[in-house]
Amino acid sequence: MYSPCRFTEMTKQMKARRLPVVVATLVGAGLLAAAAPAAAQGVAGQGAAGQGKGDAKAAVQKIGACTGCHSIPGYRASYPMVYSVPMIHGQSGKYIENALNAYRSGDRSHPTMKAIAGSLTDQDIADLAAYYGKSQENK
Amino acid sequence: MKPLGPASRSLFQLLTGVALTISAAASPAADLSAGEKLATERCAACHGKDGNTPIDPSYPRLSGQHEDYLIHSLRAYKQDERKNAIMGAQAKMLSRDDILNLAAYYSRLPGKMSHAR
């Protein structure tokens, strides 16, 4: 099973050096790409019924790639520019979906987000949007 | 030039420190009321008056979001690093100061987003 912490820790350790961060991003993208089909298979039974519709419950198994950055208060993106990673828990669901699609297609540029979004299926994106958009109602 | 002695060096460091403090204090702070005015005129129609109630779920909540992330986003739309017809056009009308003021304003409003899992 893919561990989200591994990518985070790796990134943190290498934060001080620029080139290794790029390498870490690429390696992380490889890990994610490898992990995504497995995750998709795991929830295929649940996802098939609501094709195209997000399933917040199914997303619980898919948020690993998000929490390593978006669930750490004060965490900053370090490449290519430094700024606080946005809060996404409680954000508009459809906006999350559009943003992930835009990173995947290149309409938004960010190396890490492009790599992660590129590893997601349409169903993964719909599930994550449902999860993060709905999450504030669950509290 | 004669190398500086320990006393001169610490004096130099002190003066540098004072100068840096003054320049930091004198740098123009974001204008929150200008940000509020702009937010009301340009943003509220879509993102909601409180920045938390967008009229369409494809529009993001802004209130309480990190100030530096809001600045980054608006600059990205302005420079077409993020391609979006509506926000691209809106952001291109904003000056550097407008962006700083808007980000300062929205980041200080109470928000509904968090870093929770």
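Hi everyone, let me start inside chain B, where B:Leu32, B:Ala34, B:Gly35, B:Glu36, B:Leu38, B:Ala39, B:Cys43 and B:Ala44 of H2(B) are in contact with B:Asp98, B:Asn101, B:Leu102, B:Ala104, B:Tyr105, B:Tyr106 and B:Arg108 of H5(B). By class, the residues of this contact are ten nonpolar, two polar and three charged. Please keep in mind that this is a predicted model.

How do the two helices cross? The axes of H2(B), residues 32-47, and H5(B), residues 96-108, come within 8 Å and cross at roughly 90°. Because of that angle, H2(B) counts as roughly perpendicular to H5(B).

Now to the two chains together. Chain A brings 30 residues to the contact and chain B brings 22 residues. Between them the chains bury about 2,500 Å², with 48% of that on carbon and sulfur atoms.

What about polar links? There are 19 residue pairs in polar contact across the interface of chain A and chain B, both residues being at pLDDT 80 or more. The rule also finds one salt bridge across that interface: the side chains of B:Asp68 and A:Arg76 meet, at 3.1 Å from N to O.

Which elements of chain A touch chain B? At least two residues each come from helix H5 (64-70), strand E2 (83-84), helix H6 (93-105) and helix H8 (122-138) of chain A. H6(A) gives the most, with five residues. The side of chain A that touches chain B divides into eleven nonpolar, 14 polar and five charged residues.

Definitions and conventions
Residues numbered from 1 in each chain as written. Chains lettered and ligands numbered in written order. Predicted model: local features only at pLDDT ≥ 70, side-chain atom pairs only at ≥ 80, totals over all residues. Heavy atoms only, no water. Axes fitted to C-alpha atoms, helices over the stretch in contact; angles between N-to-C directions. Helix = DSSP H or I, 4+ residues; strand = E, 2+ residues; numbered from the N terminus. Parallel < 35°, antiparallel > 145°, perpendicular 65-115°, else oblique. Contact = heavy atoms within 4.5 Å. Nonpolar A, V, L, I, M, F, W, Y, C, P; charged D, E, K, R; others polar. Buried area = accessible area lost by both parts, 1.4 Å probe. Salt bridge = Lys/Arg side-chain N within 4 Å of Asp/Glu carboxyl O. Polar contact = N/O pair within 3.5 Å; in protein donor to acceptor, adjacent residues only side chain to side chain.
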